Amino acid sequence: MRKSLMIALSLLAAGAAPMAAQASPESDLKQFQEYFMKRFPGVSLAEFGNGVYAIDKASREQWKAIEEFPPYETAIDEGDSLFHKPFANGKSYSDCFPNAEKGIRQNYPYFDTKTGQVKTLEGEINECRVKNGEEPLKWEKGKIASISAYLAYKSRGKKLNVKIPNDPRAMAAYERGKHHFYAKRGQLNLSCANCHQDSSGMHIRADILSPALGHPSHFPVYRSKWGDMGTLHRRYVGCNKQVRAKPFKPQSDEYKALEYFETYMSNGIPVNGPGARK
Amino acid sequence: MAKGIKVRAKVQDGVATIKSLMSHPMETGGRKDKKTGEPIPAHFIQEVTAEINGKNVLTGYWSGGVSKNPYLSFKVKGAKAGDKLKLAWVDNKGESDSIEETIS
């Protein structure tokens, strides 16, 4: 009885998981990007960084009008001042991020083989603070979003370049993020892919669903809905709530894995943060 | 970048398009402070004026019905590159702000 059950299960697994079988991140990436290039012909890879504004003319015009007076400008200025203000111990963020002015956003998130952790930009901002005796900032908005906005702004134009080292822990984080993206959740029983892949470009009430390709390039973002800046994890929390799923904590392992997967999938797209979105 | 008023003024085919963004809380007077429960007093722009080369081209009478950080865009026929634009507002508390810009 057990043997036939095992055989049946393994057949089921082999049949039901074509993606997971012998897929590598590289082949996933190729498949992912090709899907969107085909779904939205005429949109260049770089343009996907502009989300809905790359695929809808009317929205793009409104976005261009808003960009005349970019709503994230004050955040960049604030981030600039915060970044250069020394800590109580005399050190500053420049000591933790020596290449900040040249652009570093494109390398995040990365897998730290020493600690076995996915490192995000916001995560390292707070690590820098704690290392230098300062209180960590809240993860979703406020000062951390301003500092992140400044760092993103300095990295504009640099192509996203997330690496997945040949390390089973890195692969596990990637797979965890990938699983989150494709798994249904919440009372509405929707996965990220249901909206941002399968239904991308279609309407959901008054909004148009953005393609997942290009999602992380323009974060942190000024969202008209928030009337404020927010980090990528602030948005993840909102997205989970929108499908009536209990959200994870910002900068939790789950969201870091999701950011790792999502950003890797957008490799090659230039950083265009901070962005302005509806 | 200074707060206050941001403005862009450009001429195309004999028509100047002026876009501006004004920093102002535009409180209606109907909101209450979340923590204390006290009503937040009304504080909004009452009059906004635009002048080109010293001559008035637009006067707006606003109320609390206009949202925070109002965006104002208007077109002026016959304005030329090099003309001086002055945009100013006065609010219900008597505070005011203005900006001068050369139309390009």
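**Close-up views of a predicted model**

**View 1. The turn of a hairpin in chain B.** In this predicted model, strand 1 and strand 2 of chain B form a hairpin with two residues between the strands, and B:Asp13 takes a positive phi near 55° there. The two strands run antiparallel and pair over eight bridges. Look along them and you'll find B:Lys10 standing opposite B:Thr17 of strand 2.

**View 2. Strand 2 of chain B and its other partner.** Strand 2 of chain B also pairs with strand 5 (residues 71–77) of chain B, again in the antiparallel sense, over seven bridges. Here B:Lys19 has B:Ser73 of strand 5 as its bridge partner. Strand 2 has two faces: B:Ala16, B:Ile18, B:Ser20 and B:Met22 sit on the covered one, while B:Val15, B:Thr17, B:Lys19 and B:Leu21 sit on the uncovered one.

**View 3. Where chain B meets chain A.** Five residues of chain B touch four residues of chain A. On the chain B side, strand 1 (5–12) and strand 2 (15–22) each give at least two residues. That side is made up of two nonpolar and three charged residues, with no polar ones.

**View 4. Two domains of chain A, side by side.** Chain A splits into domain 1 (22–69 + 163–277) and domain 2 (73–154), and their C-alpha centres are 22 Å apart. Domain 1 brings 26 residues to the contact and domain 2 brings 23. On the domain 1 side, helix 9 (168–182), strand 6 (228–230), helix 11 (232–242) and helix 12 (253–265) each supply at least two residues. Helix 12 gives the largest share, five residues. Sorted by class, this side of domain 1 has 13 nonpolar, six polar and seven charged residues.

Definitions and conventions:
Residues are numbered from 1 along each chain as its sequence is written. Chains are lettered from A and ligands numbered from 1 in the order in which they are written. This is a predicted model: local features need pLDDT of at least 70, side-chain atom pairs count only at pLDDT 80 or more; totals for chains, interfaces and linings use all residues. Domain bounds come from an automatic or database domain assignment. Two residues are in contact if their C-beta atoms, placed from the backbone, lie within 7 Å. Helices (H or I, at least four residues) and strands (E, at least two) are DSSP runs, numbered from the N terminus. Ala, Val, Leu, Ile, Met, Phe, Trp, Tyr, Cys and Pro count as nonpolar, Asp, Glu, Lys and Arg as charged, and the others, Gly among them, as polar. A residue is buried if 20 or more other C-beta atoms lie within 10 Å of its own, exposed if 12 or fewer, and partly exposed in between; C-beta atoms are placed from the backbone. Two strands pair if DSSP finds at least two bridges between them.
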